[in-house]
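Keep the picture open while you read, and look up each spot as it comes up.

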Amino acid sequence: MTAITKSLAALVSCALAAGGLTAAGVAVLQPGTAQASSHREAPLISGQPEYDATDVYAFVSPDKPDTTTMVVNVLPFQDPAGGPNFYKFAHDARYDLHVDNDGDGQGDLLFRWTFKDHLKNGDTFLYNTGPVNSIEDATLNFTQTYDLEVIKLKHQKAVARAKLGSDLPVAPSNVGKASMPDYQKLRDQSVQKIGYSGGSTAFAGQADDPFFLDLRVFDLLYGGDMSEVGNDTLKGYNVQSMALQVPTSALTESKDQPVIGVWATTHRQTADGDWTQVSRLGSPLVNEVVIPRKDKDKFNASSPWDDGQFLKFVQDPELPKLVEQIYKIKAPDTPRDDLVQAFLTGVPKLNQPPNVRPAEELRLNTSIEPNGSPKRLGVLDGDNAGFPNGRRLSDDVLDIALQAMEGELLGKKNDLGDAVDENDQKFGGSFPYLALPSSGSDAKAVSKSAGQSLLNGGSGVGSSSDDNMLLAGSAAAGGGAVLLLGLGFLWMRSRRRGPRARRH
């Protein structure tokens, strides 16, 4: 085996070892892709990004502690300069946010978003035909609106429903500074008061992806060199966000039972008009860290009250074994009752409702007031207002999940983490709290020769004599290509003759 072959074999071996972490949401970095939280978490939904819920957040509103804010993000890995067809919600989807307020694993309230597309001028390729200073500007060529309704459920059957808003505006994609010189204004115009329980607010539109992590720290192709730790892999990517701020009293069963469970689903309309559930998400990292590949699509199509079928994966998870194999950190003993509490029932005396049925939901005790100085590790660092009690935008859920997987809740102290401790952009102080999306003009320009511009940045050719030289050069290059092809053909024929001649 040659030295080159040995090197390739070593790289392949490292890649296979690193691939074991992919299902856990800590994958080897690949150009243009990543797997984190619930970004591209299952085989089928990875090909349907408009329907793919990436993250769910639920927290007591820091500036309005009598309300609860819930956020659902979809369509991951949006490149800000991804035009001319920029990003939107699916018009053939039902985006649902479920609230279980009695702990039985079934939704009691369902908030539903449905979207419509609007095109002003189909004879242009442009998303906007001029600067956009208002979401009502005629220059915003493509827009979306949405209807929002709430459905009250009992035993998964609708017993009442109400329209909370019709034709509400969606914040557009942030095309760039030339197109949208004041994007904050467009965001503000997209925040809408809605008629629910006397004081609710809604938002839908593009936002900076609030999830933060470094996948490269787990990339074994670097040969165990962890010097590159601390790079936020999702920096600069956007998502589509739906957010609600609702009086807490409208969500909970009673003051004596303040714990709610929250999860999101997406249903896609089929050709015959039926609706099929294609995405489901509650707590972060569950479908990646806990559910094996063969059951990921099944999990996305299932419901929390049937989660007993996945119990064995929670009690005996794969990730700690992989960490032990690769990093030599001993896995905690099984069965993992601590993870059953974190993922399925809620933690006793924190966010576990009475008579709880094990179900994968993001559970929030709404009676715990917000922390004025939130700690990124949440409950693990004594901040009971953070994950896994709900999830705030600033919670470092990757570090929390890794440490919990390695036994932090069992008293097995560890400091596992990726050294990305906060989002690359600051979150807002009021609803919807999400950072503004990166714009298409935020990308740094590549280096260019002196004097180049849009008008001469291609070939730099400006005169007829230069044009003639370019054509002559192209002809010469074409002749050279023909010569090379001819020589290559002769070489191949000689190679074919060679073995036959040697046989004589």
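This is a predicted model: local features need pLDDT of at least 70, side-chain atom pairs count only at pLDDT 80 or more; totals for chains, interfaces and linings use all residues.

## Charges over rings

Let's start with a detail you can find by eye: Arg187 sits over the face of Phe203, 4.8 Å from the ring centre.

## The big picture

Now zoom out. The protein has 504 residues, and 48% of them count as buried. Its secondary structure comes to nine helices and twelve strands.

As for how the chain meets itself, take the contacts with a separation of 6 or more: residues 24 or more positions apart account for 64% of them.

## Inside the core

The largest nonpolar core holds 89 residues. Which of them touch the most other members? Those are Met70, Phe111 and Trp113.

Searching the whole structure turns up eleven aromatic pairs. One of them is Phe89 with Phe115, a stacked pair at 4.1 Å centre to centre with 10° between the planes. That pair links distant parts of the chain: Phe89 belongs to the loop between strand 2 (67–78) and strand 3 (93–100), while Phe115 is in strand 4 (residues 109–119), 26 residues apart. Are these two buried or exposed? Both Phe89 and Phe115 are buried.

Phe115 has another partner, Tyr95, and this time the pair is edge-to-face, at 5.7 Å centre to centre and 80° between the planes. Here too distant parts of the chain are linked, with Tyr95 in strand 3 and Phe115 in strand 4, 20 residues apart. Tyr95 has a relative accessible area of 2%, so it is buried, given that the cut-off is under 20%. Phe115, with 3%, is buried by that rule as well.

## Strand 5 and its neighbours

Strand 5 (residues 142–154) has 13 residues, and eleven of them are buried, so the strand is largely enclosed by the rest of the structure. Strand 4 runs antiparallel to strand 5, and eleven bridges join the two. To find your place along that pairing, look for Asp117, which stands opposite Gln144 in strand 5.

Strand 6 (residues 157–169) is also antiparallel to strand 5, joined by nine bridges. Lys152, for instance, has Ala160 in strand 6 as its bridge partner. Strands 5 and 6 form a hairpin with two residues between them, and His155 in that turn has a positive phi of about 55°.

## Two buried spots in strands

Where is Thr266? You'll find Thr266 in strand 10 (residues 259–269). Its relative accessibility is 2%, so Thr266 counts as buried. Apart from residues up to four places away in sequence, Thr266 touches Tyr51, Ala93, Arg94 and Tyr95, along with Thr276, Gln277, Val278 and Ser279.

Pro76, meanwhile, lies in strand 2. With a relative accessibility of 7%, Pro76 counts as buried because the limit is under 20%. Pro76 and Tyr51 are 25 residues apart along the chain, and their C-alpha atoms are separated by 9.8 Å.

## A helix under cover

Why is helix 8 (residues 397–405) described as largely enclosed by the rest of the structure? Because nine of its nine residues are buried. If you want to pick them out, the buried residues are Val397, Leu398, Asp399, Ile400, Ala401, Leu402, Gln403, Ala404 and Met405.

What covers the buried residues of helix 8? The cover includes helix 3 (286–289), helix 6 (319–327) and helix 7 (337–345). Just after helix 8 comes Gly407, which takes a positive phi of about 100°.

Terms used. Residues are numbered from 1 along each chain as its sequence is written. Side-chain values use heavy atoms; hydrogens and water are left out. A nonpolar core is a set of buried Ala, Val, Leu, Ile, Met, Phe, Trp, Tyr and Cys residues joined through side-chain atoms within 4.5 Å. Buried means under 20% relative accessible area, exposed over 50%, partly exposed in between (1.4 Å probe, protein chains only). Helices (H or I, at least four residues) and strands (E, at least two) are DSSP runs, numbered from the N terminus. Contact means heavy atoms within 4.5 Å. Rings of Phe, Tyr and Trp (its six-membered ring) pair if their centres lie within 6.5 Å; planes under 30 degrees apart count as stacked, over 60 as edge-to-face and the rest as tilted. A charge sits over a ring if NZ of Lys or CZ of Arg is within 6 Å of the ring centre and within 35 degrees of the ring normal. Two strands pair if DSSP finds at least two bridges between them.
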